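Visitor: I would like to learn how to read a protein model, one feature at a time. Could you take me through this one?

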Amino acid sequence: MRDYEALQEALGYRFRNLDLLKTALTHPSFSAEHPGTKHYQRLEFLGDAVLQMSVSRRLYDGMPGKDEGKLTRVRASIVREETLFRAAQTLNLGEYLRLSVGEERTGGRGKSGIVSDVMEAVLAAVYLDDGFDAADAIVARLLGPMLDSAMRGDALDAKSKLQEILQKNGEMPEYRQISMEGPQHAPVYRYEVLVSGTVLGEGSGTSKQAAQQQAAQAALKALKH
C-alpha cells in the first residue's frame, strides 16, 4: 500500500477517510484493470465546482466594483489546466497516481490533462471529508500567489488581453494550429494567431492552451501592449 503521508503533509490536510484520497488518485485505466475499484472522474466533476466557488468568492471579495465580465475573465486565467498542473507539481501529485500499465508506459504521470483533473478530484475529496472551508484553505495555499496577482490586475491571461484590445476595433483573434510534434505522451503544439488573415504572433507549448497563450503574448508584444 502506498504511503500517503508526504502528500497529506504537502496538502496541509490529513484525511479522516483515506479511501476518498485513494479514489481521487485513481485513473479510469487502473479501474479497468482492477474491476470494482473507483476512479476519480466523479470527484473531478465535484472538485471543479468547489474550485470555481473558492476562486469566485475570493475574486468577488477582493475585486469590489468589478463587473461580472471582468471577474469571469480573471477567474478563467486562474482556473485552467496549466495553473492546476503547476499547483499539482508542487505536491508531486503525479507520483501518487494509480495508473494502468499502459498509461504508465505512455507517461501518464506527467500528462498535464490527467494531473490537473486529479488536482480537482483531490479538492473534492477534501470537501467530502471535511467540508468547503477545508478545501478552500487548500485552494488559498496552492493558488494564493496567482489569486493575489489577479486581484492586483496583473494576471489577466494573454489571450484575454489580446481579445479585449482587438474588440475595441471590432476584431477577433483566430488561433490556428501549425504543427504537433514529439511523442504522444509529451506532444509539443505550435499555434499562430491571426487577425483578418494576418499573422500577429506564434507560440509553442505542451498543450494547445499553452501554445495559444504564447502566440497571444507574441501578438501583444508586436502590438506594443
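This is a predicted model: local features need pLDDT of at least 70, side-chain atom pairs count only at pLDDT 80 or more; totals for chains, interfaces and linings use all residues.

Visitor: How many cavities of 30 Å³ or more does the structure hold?

Guide: Rolling a probe the size of a water molecule over the atoms shows where empty space is left. On a 1 Å grid over the protein atoms alone, a cavity is a set of points where a 1.4 Å probe fits but cannot get out, and lining residues have an atom within 4 Å of a point. Grid points are joined across faces, edges and corners, and a volume is the space filled by probe spheres set on the points. Here there is one cavity of 30 Å³ or more, and the volume of the largest cavity is about 40 Å³.

Visitor: Which elements each supply at least two residues of the lining of the largest cavity?

Guide: Helices (H or I, at least four residues) and strands (E, at least two) are DSSP runs, numbered from the N terminus. Those that each supply at least two residues of this lining are α6 (81–90), α8 (112–130) and α9 (132–151), and α9 gives the most, with four residues. Among the lining residues are Leu 51, Met 119 and Ile 138. The lining divides into nine nonpolar residues, no polar and no charged, where Ala, Val, Leu, Ile, Met, Phe, Trp, Tyr, Cys and Pro count as nonpolar, Asp, Glu, Lys and Arg as charged, and the others, Gly among them, as polar.

Visitor: What is the volume of the second largest pocket?

Guide: A pocket is an open set of points with protein on both sides within 12 Å along at least five of seven lines. The second largest pocket has a volume of about 350 Å³, and of the 15 residues that line this pocket, Leu 20, Thr 23, Lys 38, His 39 and Leu 43 are the closest to its centre. The elements giving two or more residues to its lining are α2 and α4 (41–62), with the largest share, five residues, coming from α4. Its lining divides into five nonpolar, five polar and five charged residues.

Visitor: What is the order of the strands in the open sheet?

Guide: Two strands pair if DSSP finds at least two bridges between them. The open sheet of three strands has the order β1-β2-β3, with antiparallel pairing, and its edge strands, β1 and β3 (198–205), each pair on one side only. Strand β2 (residues 188–195) is joined to β3 by seven bridges, and Tyr 191 has Gly 203 in β3 as its bridge partner.

Visitor: Is His 27 buried or exposed?

Guide: Buried means under 20% relative accessible area, exposed over 50%, and partly exposed in between (1.4 Å probe, protein chains only). His 27 lies in the loop between α2 (18–24) and α3 (28–33), and counts as buried because its relative accessibility is 12%. Contact means heavy atoms within 4.5 Å; not counting residues up to four places away in sequence, His 27 touches residues including His 39, Tyr 40 and Arg 98. Asn 169, in the loop between α10 (158–167) and β1 (174–181), is exposed, with a relative accessible area of 59%.

Key: Residues are numbered from 1 along each chain as its sequence is written. Side-chain values use heavy atoms; hydrogens and water are left out.
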